[in-house]
Amino acid sequence: MNAIVNRLGDSTTGSGEDVPLIVSSRFTEPAGHTLEGYRNSGSYRGYEGLRSALERSPSEVGEIVKEATLLGRGGAGFPAGVKWGFCPPDVWPRYIVVNGDESEPGTYKDRVLMERDPHQLIEGCLLAAYAIGAAQVFLYVRGEMAHAQERIAAALNEAYEANLVGRNILGSDFSVDIVLTWGAGAYIVGEETALIESLEGNRGMPRLKPPFFPAAKGLYMQPTVVNNVETLSNLPWLFEHGVNAFRETGTESSPGTRLIALSGHVNNPGVFEVAQGTTTFRDLFESPRYGAGIRNGHELKMFIPGGASAPWFFSEHLDIPLEAREVGPAGSMLGSGAVVVMDETTDAVRACLRLVRFFARESCGKCTPCREGTTWEEQILTRILEGHGRPSDIDLLTDIGDNISPGPYPVAADPGSGLEAVPFPPRQTTICPLGPSSVAPITSALRRFRSEFTDKIKRRDPIPVSSEPVPVNHAGEFDSGAAHV
Amino acid sequence: MSDAPKTTDAPKTDAPKTDAPNTGESPKPIEITDPVEINVDGEQLTVQNGELLIDACERNGTYIPRFCYHPRMNPVGMCRMCLVEVDSGRGPALQPSCMIPVSADMSVDTTSDAVAKVQDGVLEFLLANHPLDCPVCDKGGECPLQDQTYAYGPGESRFVEEKRHYAKPISLSETVYMDRERCILCDRCTRFADEVAGDPLIHFINRGSSTEVNTFPDQPFSSYFSGNTVQICPVGALTAKPFRFKARPWDLTVKESTCTRCSVGCRITVESSRDEVLRYQGVDSDSVNWSWLCDKGRFGFEAYNSPQRLREPLVRDAEGELAPVRWSEALGLAADQIRRAIESRGPASVAVIGGARSTNEGAYAWAKLAKTVIGTDNCDAQLGDGLPAEAVLGLSGLTIDELCAPGGTVLWLGPDPLEELPVLQLRLRHAVINDGVRIVEVGSRVTGLRDLVAQRIAARPGETPGVLRQLFETAPASGDTGLATAAALLREAGDDLRVVVGRPNLAESEDVVLESISVLRSSVPGARFMTALGRANVRGAIEAGLAPGLAPGGVSLSNAAVSDAWSTVPAETGSGSAGILEAAAAGRIDVLVLLGADPISDFPDRSLARRALAATPTVISVAPLLDASAAEARIVLASAAFGEVDGTTTNLEGRVTAVTQKVNPPGTARPDWSIASELAVRIDPAVELGRSAAALAEEMWSLSDAYAELAERPESPSGPEGVLCSAGHALELPATPDVELPAPDSYSLRLVIARKLYDGGTLLAASDSSAGLADDAVALLNPADAAPLGVQNATRVKLTSANGNVTLPARADDSVQRGVVVVHHNLAGADARSLVAAGDTVCDVRAEVA
Ligand SMILES: Cc1cc2nc3c(=O)[nH]c(=O)nc-3n(C[C@H](O)[C@H](O)[C@H](O)COP(=O)(O)O)c2cc1C
Ligand code: SF4
Ligand code: SF4
Ligand code: SF4
Ligand code: FES
């Protein structure tokens with residue numbers, strides 16, 4: 001077995017803290033991806049939640065999800081039950097779209113969920129479809145994730161054969177089809193409206209919200225619920241064990257667990273299921289169950305608490321718990337659950353360039369500030385590293401950032417009211433948050449490590465910058481589980 | 001009308017920020033039916049609930065800068081130039097005004113610091129990689145990017161990196177070139193191609209700052225509407241071959257006019273420099289073209305600039321060659337011949353064919369010359385390819401707006417709108433896609449309405465009346481779902497049925513169309529009709545009197561009120577083109593005037609046209625170019641062409657709009673009304689036809705109450721919407737002839753001669769950039785008919801009818817109905833008209849591999 005499985009094993013053995021494994025209980029099961037394995041291993045019995053849900057009315061099922069306050073795990077953290085309720089009444093058909101496009105640097109938890117427990121996701125889809133009355137679910141998997149696609153396809157075949165998907169599921173009058181589809185390798189189609197465009201066969205570019213809120217005008221202009229893989233994967237456990245059990249973990253406002261993809265300069269990178277609100281970043285980095293310390297005795301320099309688009313945190317933030325309402329007011333976001341650790345050997349300017357380059361390359365090109373601004377930022381950072389920096393570059397970088405996302409990014413939520421207080425629409429000149437994402441690393445680095453910039457601007461000898469992308473392992477299995485920045 | 005300068009000299013930097021740049025784009029007119037109050041920059045405005053904020057502001061004098069928004073396309077919110085601060089109760093937020101529908105109590109700030117910073121920022125981003133091409137760029141001087149940079153942009157750029165480079169320019173098609181360095185990726189061209197034209201042949205490719213607009217490999221942007229993308233491109237990224245590097249915009253002077261290449265009558269500007277027309281641009285006429293033009297119309301000026309233009313009159317000399325002469329000589333000879341003909345065999349031995357390409361004034365002058373001075377009623381603006389004049393004027397009319405009004409049902413029996421009335425096709429496309437209009441089409445082949453029809457019913461030539469009877473009179477067999485669906489759609493429409501008739505097939509007689517009309521009029525008494533005939537001013541020419549039996553104003557000769565201007569009318573009713581040509585072929589016509597008409601190329605029975613011209617002692621052609629018929633004439637009078645004459649034209653709706661003179665005619669060529677006037681005095685020195693186009697118009701409009709508005713406000717046709725006032729609604733339709741079809745014969749195919757936008761027409765042949773766009777003639781057969789014949793691609797087949805044969809390559813094509821062979825008119829390689837005899841209802845042919 002490969003490294004990640006062992007690490008997850010570590011995380012559950014000898015634990016003083018009793019974190020229930022809601023979504024990752026079959027990660028270590030060699031046959032967890034089969035129907036057989038799904039029914040007979042893990043922290044609940046597969047498809048039993050569905051069976052019990054089918055005895056309730058769809059609106060009761062929706063209510064349960066609402067009561068559980070299951071927050072979306074795709075980045076924005078919006079409560080799933082509330083989102084489902086946004087579908088305008090009496091507009092049919094409606095669709096469920098599953099966002100399995102996970103591509104943000106450092107984020108690789110959905111991939112494990114899809115590869116190792118596809119039935120859990122399928123059951124989650126069925127529960128969601130039942131609740132909102134969708135007869136079709138589109139499961140959109142990132143293009144490069146061949147292994148996940150194969151596992152889901154195999155699981156779907158099994159589920160169809162066992163009458164768990166398709167017509168008159170389990171003898172009820174509930175029928176739903178689940179369609180597996182995949183992208184062509186663009187980060188932007190992870191954004192829900194771009195994903196919908198791509199599903200419709202168009203070039204993956206976001207739509208404008210308003211007016212194209214998926215719940216009202218989504219796939220084929222019909223009401224559509226877009227949910228993240230992990231969000232839906234929580235549902236089977238929830239329906240088997242009930243709301244109260246679900247709410248026992250985590251906090252009042254963020255109940256349950258989260259999958260964290262930990263990478264970077266820690267001894268033990270990997271995907272860990274942690275309790276929301278009670279686990280701190282320090283626990284995550286230092287506990288032998290999780291990161292097991294900064295590598296080789298080095299010191300923490302900075303870390304990204306929630307995906308490449310999140311502003312950086314530093315040592316003073318270590319005791320913040322992994323909880324949206326705590327991370328937000330502190331100036332960043334928990335986003336997609338990707339935590340990237342960087343030790344003191346990391347060059348802040350180069351790290352910044354690496355992240356900015358990602359966004360520049362992945363910009364869909366639809367709106368001016370992102371299309372032109374991200375590339376310009378990349379060019380300036382490259383020039384600084386190549387020894388042609390100008391003193392004016394720092395102000396320039398700041399101002400370009402301001403022209404992409406005026407004001408602080410993301411807008412810090414009022415600590416009292418949490419994420420719901422983030423003003424809508426966000427202060428951005430772009431269509432979607434991808435452009436502003438590129439600004440986060442720059443403002444973070446400039447605020448904290450300004451001298452690294454000014455020093456480099458004074459130098460005239462180039463620091464080699466590779467423009468080659470990091471080779472991608474297409475084998476489908478993890479090799480290191482880490483994404484080094 | 002005086003020439004308006006293209007650019008204003010006002011210093012741009014001092015200009016108030018709300019000045020709209022001169023792009024010719026403005027919000028489409030609306031009626032306020034659901035008023036709400038909003039506050040814009042401190043001012044309280046009453047606007048239509050739900051309309052886009054950008055339009056609501058502009059309508060009220062606050063211009064918000066923009067690049068991607070175009071009032072005639074769906075907004076996409078991409079360029080981010082139009083961001084303003086909108087407060088709908090939750091605090092101000094930057095929002096793209098082109099995507100935000102206004103709602104009650106919205107408060108908007110278009111000039112806040114935040115907004116100004118965004119505008120600065122967006123312009124700096126756009127200019128970062130924009131090349132410094134302005135001094136050599138075709139758009140320089142009328143460029144929204146330049147103008148908005150002056151008005152809203154940063155004074156200088158902080159961009160010191162190397163700019164993006166691409167090969168310049170690449171060709172997207174034969175006509176349109178693309179400079180990717182200049183492109184600001186506003187999605188206007190691509191959206192136009194996809195949404196408006198339905199030719200999604202250009203797309204964004206690549207990503208991020210490498211995004212570019214391009215075609216699919218080996219699939220050029222060959223769209224009939226490609227020129228519109230050049231007009232709406234907010235930078236000089238797209239240029240059109242006919243205008244590239246010809247002039248700087250500030251050297252152009254501009255006048256509004258109307259395109260006269262087809263009867264849609266799109267409004268245009270005619271733009272010229274140094275007495276040469278260099279460009280037309282579409283003008284947004286809300287009732288007609290919404291600013292769009294087809295490429296044939298848009299680049300039509302090339303023909304008039306061509307070196308082949310006739311610069312002086314020609315007369316056949318002793319050797320039988322056409323040789324230039326002075327006007328007095330040519331006119332003298334022509335008048336002599338006419339006078340002699342009148343004297344020797346009576347006025348009916350003189351005939352006039354044509355006028356549908358003239359202005360109303362030109363047509364009126366010729367009608368008056370023929371009917372009062374000469375005294376012949378042998379006049380016809382049509383060439384056997386139209387409909388009886390009484391039908392053109394007498395069928396209760398429909399405007400384009402009425403045809404396309406939301407939710408209606410259209411029964412299409414007309415020609416292929418894409419090929420013959422291109423901008424009408426765009427309007428129909430919009431009506432179907434956006435306004436829920438449903439089209440039922442009956443015809444022998446799939447047309448440009450292909451993807452738009454709700455139901456298509458196949459009918460071989462001659463069978464349409466029968467199909468209509470089935471649809472309306474007998475309950476369609478339940479097994480045939482197509483017929484049943486169509487019948488249901490038509491039933492639902494009830495009396496609000498909108499019917500378009502025309503001549504979709506030159507090899508099918510007008511009698512078939514008349515019979516269809518009669519079936520419809522008895523089945524759906526309330527049905528309204530549009531007659532979709534191709535030639536630009538066919539309706540105007542008929543109204544002016546160029547039709548047998550009619551006087552100006554759409555009244556029959558027998559009912560014509562005697563006036564000063566029309567004190568006499570011909571005693572005998574004359575013939576239409578077919579009758580005239582038959583009489584001529586039989587030696588009964590002494591003088592045949594071809595007024596911008598070319599029967600050898602256009603009359604459905606080519607052999608009759610040739611025989612008629614050969615047998616007529618004096619053929620006088622009044623033409624701007626030496627067409628096939630003019631080349632056979634004895635006297636050729638060089639006429640001024642479009643852009644060289646003032647006047648009015650009447651489109652297929654009966655809308656009268658102005659055409660304007662922008663340049664001088666080449667050489668001594670002169671307007672056809674003045675040629676008529678000169679001939680008139682030479683025939684009868686006591687006559688004065690009219691001293692000017694305006695005087696002729698005034699006289700014509702005084703003859704019928706239908707023109708009251710024109711008579712009262714003669715300048716009214718100059719506006720973009722013109723004046724809708726057509727005469728002749730009271731005319732009786734001709735009696736429906738008995739149509740007899742040949743007995744069905746399983747060995748024959750029934751011939752369709754249809755038209756293509758680009759053909760071998762004289763004007764197109766004289767246009768540099770369009771001449772190469774015409775295909776060669778091909779016989780198109782349904783695959784099921786092609787297979788048994790052994791037709792592979794490009795197999796040559798021989799088509800034989802009772803009247804002749806032609807040999808040409810054939811191709812299987814499933815857009816053609818079984819039992820039909822389609823050959824397009826006037827393409828190189830074969831002329832299917834040699835299979836046709838005038839008067840036959842339909843034309844059956846045998847096909848065999850040659
Ligand atoms: C640039 C960008 C990329 C995104 N990528 C993903 C992604 O890969 N996976 C995902 O689930 N959500 C992604 N999102 C968030 C989605 O738009 C959406 O909010 C989410 O799928 C909703 O699911 P949830 O409510 O279950 O979290 C992305 C958003 C943006 C702006
Ligand atoms: S912000 Fe970037 S990724 Fe998002 S729509 Fe604009 S260009 Fe595309
Ligand atoms: S070519 Fe012109 S119209 Fe087309 S996207 Fe570029 S700037 Fe816009
Ligand atoms: S549709 Fe007709 S009137 Fe309009 S531009 Fe084309 S040719 Fe001219
Ligand atoms: S005009 Fe509104 S975003 Fe371009």
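Seven strands of chain B form an open sheet with mixed pairing, in the order β16-β15-β28-β27-β26-β17-β18. Strands here are DSSP runs of E with at least two residues, helices are DSSP runs of H or I with at least four residues, and both are numbered from the N terminus. Two strands pair if DSSP finds at least two bridges between them. The edge strands of this sheet are β16 (322-324) and β18 (379-380) of chain B, each of which pairs on one side only.

The model is predicted: local features need pLDDT of at least 70, side-chain atom pairs count only at pLDDT 80 or more, and totals for chains, interfaces and linings use all residues. Residues are numbered from 1 along each chain as its sequence is written, while chains are lettered from A and ligands numbered from 1 in the order in which they are written.

**Sheets of chain B**

B:Leu595 has B:Val622 of β27(B) as its bridge partner. Helix α18 (577-585) of chain B packs on this sheet and touches β17 (350-354), β18 and β26 of chain B. The direction of α18 makes about 135° with that of β17(B). Such angles run from 0 to 180 degrees between N-to-C directions, and the axes are lines fitted to C-alpha atoms, for helices over the stretch in contact.

An open sheet of three strands, β29-β30-β31 of chain B, has antiparallel pairing. β29 (647-650) and β31 (723-724) of chain B each have a single partner strand, so one side of each is left without a neighbour in the sheet. β29(B) pairs with β30 (655-659) of chain B over four bridges in the antiparallel sense, and B:Thr650 stands opposite B:Val656 in β30(B).

**Domains of chain B**

Chain B has four domains, with bounds that come from an automatic or database domain assignment.

| Domain of chain B | Residues |
|---|---|
| domain 1 | 12-127 |
| domain 2 | 314-386 + 537-724 |
| domain 3 | 391-532 |
| domain 4 | 749-849 |

Taken over C-alpha atoms, the centres of domain 1 and domain 4 of chain B are separated by 53 Å.

**Chain A and its side towards chain B**

Chain A has 17 helices and eight strands. Of its 485 residues, 58% are buried, meaning that 20 or more other C-beta atoms, placed from the backbone, lie within 10 Å of a residue's own.

In chain A, 27 residues are in contact with 29 residues of chain B. Contact means that the C-beta atoms of two residues, placed from the backbone, lie within 7 Å. Elements that give two or more residues to this side of chain A are α14 (348-362), α15 and α16 (393-404). α15(A) gives the most, with nine residues. By class, this side of chain A has 11 nonpolar, nine polar and seven charged residues. Nonpolar covers Ala, Val, Leu, Ile, Met, Phe, Trp, Tyr, Cys and Pro; charged covers Asp, Glu, Lys and Arg; polar covers the others, Gly among them.

**Surroundings of two ligands**

Around ligand 2 there are 15 residues, and the closest are A:Cys364, A:Cys367, A:Cys370, A:Thr430 and A:Cys432. A residue belongs to such a shell if its C-beta atom, placed from the backbone, lies within 6 Å of the molecule. α15 (368-385) and α17 (434-458) of chain A each give two or more residues to the shell around ligand 2. This shell has nine nonpolar, four polar and two charged residues.

Ligand 3 has 13 residues around it, of which B:Cys183, B:Cys186, B:Cys189, B:Cys233 and B:Ala237 come nearest. The shell around ligand 3 has 11 nonpolar, no polar and two charged residues.

Conventions. Buried ≥ 20, exposed ≤ 12 C-beta atoms within 10 Å, placed from the backbone.
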